Amino acid sequence: MILAIDVGNTNIVLGCIEDGKILNIVRIQTRIGETEAECAIKLGQLLEFYGIDPKGFDGAILSSVVPPVVPALTAAVKKITGLDCMVVGPGMKTGMDVRIDDPSTLAGDLVVGSVAAMACYGTPAIVMDMGTATTVVVIDKDDCYRGGAILPGVKLSYAALASGTSLLPDISITPPKKVVATNTVDAMRSGAVFGTAATIDGIVDRMEEELGYPCKLIATGGLAQAITPYCKREIICDNDLLLKGLWALYEKNQPRRKK
């Protein structure tokens, strides 16, 4: 069993994975500035709560889009489990050729999501992660990571809209009954849900046009299930995509065992 940790801007997702099967998933808030001891206490309490032996892990792997939390978190993993935590980054075996201007700048979450899409769904694929930011990336028919687009996340955009205006309130991201809304809150929800869905449809169309062939569409992230049902394209929603990618990367980067 391995401990897989996905550090996002808003939440940290921890998963216990055995032979590719996700056994437990825990989400906690991402907090910059926590010490090694604070992280270790929190991690130990979570494992104890779920009845998981900290010494029962065979390995650990972490991906992060928040670099400041990595040193304390990896040190906490070492303290609690006794294991060195593998960190997703340059030099790791991924099974895909990264064809962007500077491959060393590719964020860990984009690597993990792309590897998971390749392993679980095949290529060519367009992978969408709808969290604090919305990312849309392409893995082509030759298993090459080609790049993509980054958009402001839906919640982030509408929180900014509410804070930057006098009359527009903060809203929940839920669909109204119709696109042509007849009140302010529903009008904002129409823009958030139907507008974002239309944006996804449009950017996918343009990406496929640029590639010259259709792709499988896979979505993950906190808002994927709220938005993708209103897209005109068929999109696979996989809430556990990044944990599956961490498992695949962990397996790819194990030393070859002697026969």
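**Close-up views of paired strands and packed helices**

**View 1. Strand S2 and strand S3 (residues 21–29) pair in the antiparallel sense, joined over eight bridges.** In this predicted model, one of the pairings across the two strands is that of Cys16, whose bridge partner in S3 is Asn24. S2 and S3 belong to a hairpin with two residues between the strands, and in this hairpin Asp19 takes a positive phi near 50 degrees.

**View 2. Strand S1 (residues 2–7) runs antiparallel to S2 and is joined to it by six bridges.** Here Ile5 of the model stands opposite Leu14, a residue that lies in S2. S1 and S2 also form a hairpin, in this case with three residues between them.

**View 3. Strand S2 (residues 11–18) is largely enclosed by the rest of the structure.** This description rests on how many of its residues are buried, that is, have under 20% relative accessible area: six of the eight residues of S2 are buried, so the strand is largely enclosed.

**View 4. Helix H3 (residues 108–121) packs against helix H7 (residues 241–252).** The angle between the two helices is about 85 degrees, and their axes lie 7 Å apart; because angles of 65 to 115 degrees count as roughly perpendicular, H3 and H7 are described as roughly perpendicular to each other. On the side of H3, the residues that make the contact include Val111, Val112, Val115 and Ala116, while those on the side of H7 include Leu242, Gly245, Leu246 and Leu249. Taken by residue type, the contact of H3 with H7 consists of 13 nonpolar, two polar and three charged residues.

Definitions and conventions. Residues are numbered from 1 along each chain as its sequence is written. This is a predicted model: local features need pLDDT of at least 70, side-chain atom pairs count only at pLDDT 80 or more; totals for chains, interfaces and linings use all residues. Side-chain values use heavy atoms; hydrogens and water are left out. Buried means under 20% relative accessible area, exposed over 50%, partly exposed in between (1.4 Å probe, protein chains only). Helices (H or I, at least four residues) and strands (E, at least two) are DSSP runs, numbered from the N terminus. Two strands pair if DSSP finds at least two bridges between them. Axes are lines fitted to C-alpha atoms, for helices over the stretch in contact, and angles run from 0 to 180 degrees between N-to-C directions. Angles under 35 degrees count as roughly parallel, over 145 as roughly antiparallel, 65 to 115 as roughly perpendicular and the rest as oblique. Contact means heavy atoms within 4.5 Å. Ala, Val, Leu, Ile, Met, Phe, Trp, Tyr, Cys and Pro count as nonpolar, Asp, Glu, Lys and Arg as charged, and the others, Gly among them, as polar.
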